[in-house]
Amino acid sequence: AFLRRGGLAERARPVMAQLAAESGETAVLAVADGDAALVVAEAQAAASLRVVLPAGTRLAYHATAPGKALIAHLPLARVRALLGCDALPALTPRSFTDQGELTAELATLRHGGWLAERGEAVPGQNGIAAPVFGGSGDPVAALGIIGPEVRLHEAALARLGPAVAAAAAGLGAALGGPALSPQAVSG
């Protein structure tokens, strides 16, 4: 209902198109949907080798950058309830399977404004995401880019992470959220 009233996906499309054009990777917007993140919009990269995540794709909270961005600012008890069990499923050998390790990873987003996935959901696929904060100051979505590891390697993740965080903060401000992410305001 929020997506229909607020036009979140429509407002995000120009931001996503710009991210896809500048990064050369697929940009996605995801929202929390029960036990997974739900892709609600996608802007595909122009490259012939690219990740395709159409609207309706469900992403694991613990193994994808958009999923982790959605849960990083939630209270620990809520995160545990969403993830269900102590042992998380290994989607790849790189997936976080321990909630304690995942909690430490989520802290990197709270401190830096963005986080990455490194082959945790699909081998050879990396991504970056940042939360989009709404008018209440809570994350209403995650904005991210996803691509093949061969291009979205460590140096590219470090270079593009701040741009994704800035785009998410700008989208959040357009939705009535804080002009800066909470860690930038408090830091």
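Analyst: Lys68 and Glu120 are both buried. Their side chains meet in a salt bridge, 2.8 Å from N to O. The pair links distant parts of the chain. Lys68 sits in helix H3 (residues 65–71), and Glu120 lies in the loop between strand E4 (115–118) and strand E5 (125–133). The two are 52 residues apart.

The model is predicted. A search of the whole structure finds seven salt bridges.

Strand E4 also takes part in a pair, through Arg118. Arg118 forms a salt bridge with Glu154, with the closest N and O atoms 2.5 Å apart. Glu154 belongs to helix H6, 36 residues away from Arg118. Arg118 has 29% relative accessibility, so it counts as partly exposed. Glu154, at 47%, is partly exposed too.

The side chains of Arg151 and Glu25 meet in a salt bridge, 2.9 Å from N to O. Arg151 lies in the loop between E6 and helix H6 (154–174), and Glu25 in the loop between helix H2 (8–23) and E1, so the pair ties together parts that are 126 residues apart in sequence. Glu25 is buried, with a relative accessible area of 2%. Arg151 is partly exposed, at 28% relative accessibility.

There is also a network. Salt bridges link Asp33, Asp35 and Arg58. In general, side chains of opposite charge can pair when their charged atoms come close.

Conventions: Residues are numbered from 1 along each chain as its sequence is written. This is a predicted model: local features need pLDDT of at least 70, side-chain atom pairs count only at pLDDT 80 or more; totals for chains, interfaces and linings use all residues. Side-chain values use heavy atoms; hydrogens and water are left out. A salt bridge is a side-chain nitrogen of Lys or Arg within 4 Å of a carboxyl oxygen of Asp or Glu. Helices (H or I, at least four residues) and strands (E, at least two) are DSSP runs, numbered from the N terminus. Buried means under 20% relative accessible area, exposed over 50%, partly exposed in between (1.4 Å probe, protein chains only).
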